[in-house]
Each structure stands twice: as structure tokens, then as C-alpha cells.
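Walk me through the aromatic contacts of this model, then through its pocket.

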Amino acid sequence: QVMLVESGGGLVQAGGSPRLSCAASGSVSSQKPMAWYRQVPGKERELVASILLDGRDHYADSVKGRFTISGDDNKRTLYLQMNSLKPEDTAVYYCHADGAVSGGLYFPGGWGQGTQVTVSS
């Protein structure tokens, strides 16, 4: 099964610009993280940004114009550049990889453990 490890979170002042990383290991090399989600206590996990194999990306309205998703296929690493952070961006951020098929075998997708981003005003 794919293993995903996020990094780059922490305490950030409003207006800050941290970059989150999500590194994949295990499973097959074609299985890569392709989306970022976030969750605050008491609320459902929400999609923040996703990227397709052809490079097209999608953003939640709340982050559009401020966040940028990108990936390094060679490193099987996904990034989320976060700019102009607001207190309402405070959440645990998770990366996600879809399931993959390789050599006739199915490899389940998975989630990272999450990284806390706290934005102070």
C-alpha cells in the first residue's frame, strides 16, 4: 500500500506563504498523491486542490488564487504552495492518492497522516 507523509505545516502568521509537501513511497511508482484536503474539528474533510495527470488543476473557491498545487513525478511528491494565508485556513491538511492498477494488480489509495497548519491573526 502507498505510504504518504506530509510536511511543512506549523504556526504561520496571517499573510504567510508556507509550502506543504507530500512524499509517496511503497506500492508502485505510478501511484502518486494527486490531491490535498483539509479538515477542522467538527467538520467534514474538504477538497482543497487536485491535479490531473495532464497537469490540469482544480481548487476550492476559498483558496483559488492563493494556493497552487504542483507535483514532482520523479520524486513522487506533491506540493501545496499556500500564499496570503488567513485564519480560516487553519486546519489539518491531508494529501491523498487514488488507487492504481499495475500489472493486473490493484493497489489501494490512501491518506497521509496530516499536517497541522495554524494561522494566527
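How many aromatic pairs does a search of the whole structure find? The search finds two. Rings of Phe, Tyr and Trp (its six-membered ring) pair if their centres lie within 6.5 Å; planes under 30 degrees apart are stacked, over 60 edge-to-face, and the rest tilted. The model is predicted: local features need pLDDT of at least 70, side-chain atom pairs count only at pLDDT 80 or more, and totals for chains, interfaces and linings use all residues. Residues are numbered from 1 along each chain as its sequence is written, and side-chain values use heavy atoms, without hydrogens and water.

Start with Tyr 37 and Trp 111. Their rings are edge-to-face, 4.8 Å centre to centre, with 70 degrees between the planes. This pair links distant parts of the chain: Tyr 37 is in strand E4 (residues 33–39), Trp 111 in strand E12 (residues 110–111), and they are 74 residues apart. Strands (E, at least two residues) and helices (H or I, at least four) are DSSP runs, numbered from the N terminus. Tyr 37 is partly exposed at 21% relative accessible area. Trp 111 is partly exposed too, at 39%.

Now take Tyr 94 and Trp 111. Their pair is also edge-to-face, at 6.4 Å centre to centre and 90 degrees between the planes. Tyr 94 lies in strand E9 (residues 91–97) and Trp 111 in strand E12, so the pair ties together parts that are 17 residues apart in sequence. Tyr 94 counts as buried, at 13% relative accessibility. Buried means under 20% relative accessible area, exposed over 50%, and partly exposed in between (1.4 Å probe, protein chains only).

Tyr 37, Tyr 94 and Trp 111 form one aromatic cluster. Arg 45 lies over the face of Tyr 94, 3.7 Å from the ring centre. The charged end of Arg 45 also sits over the ring of Trp 111, 4.5 Å from its centre. The test for a charge over a ring is NZ of Lys or CZ of Arg within 6 Å of the ring centre and within 35 degrees of the ring normal.

Turn to the pocket. A pocket is an open set of points on a 1 Å grid over the protein atoms alone, where a 1.4 Å probe fits, with protein on both sides within 12 Å along at least five of seven lines; lining residues have an atom within 4 Å of a point. The largest pocket has a volume of about 260 Å³. Of its 15 lining residues, Lys 32, Met 34, Ile 51, Leu 53 and Asp 98 are the closest to its centre.

Conventions
Points joined across faces, edges and corners; volume = space filled by probe spheres on them.
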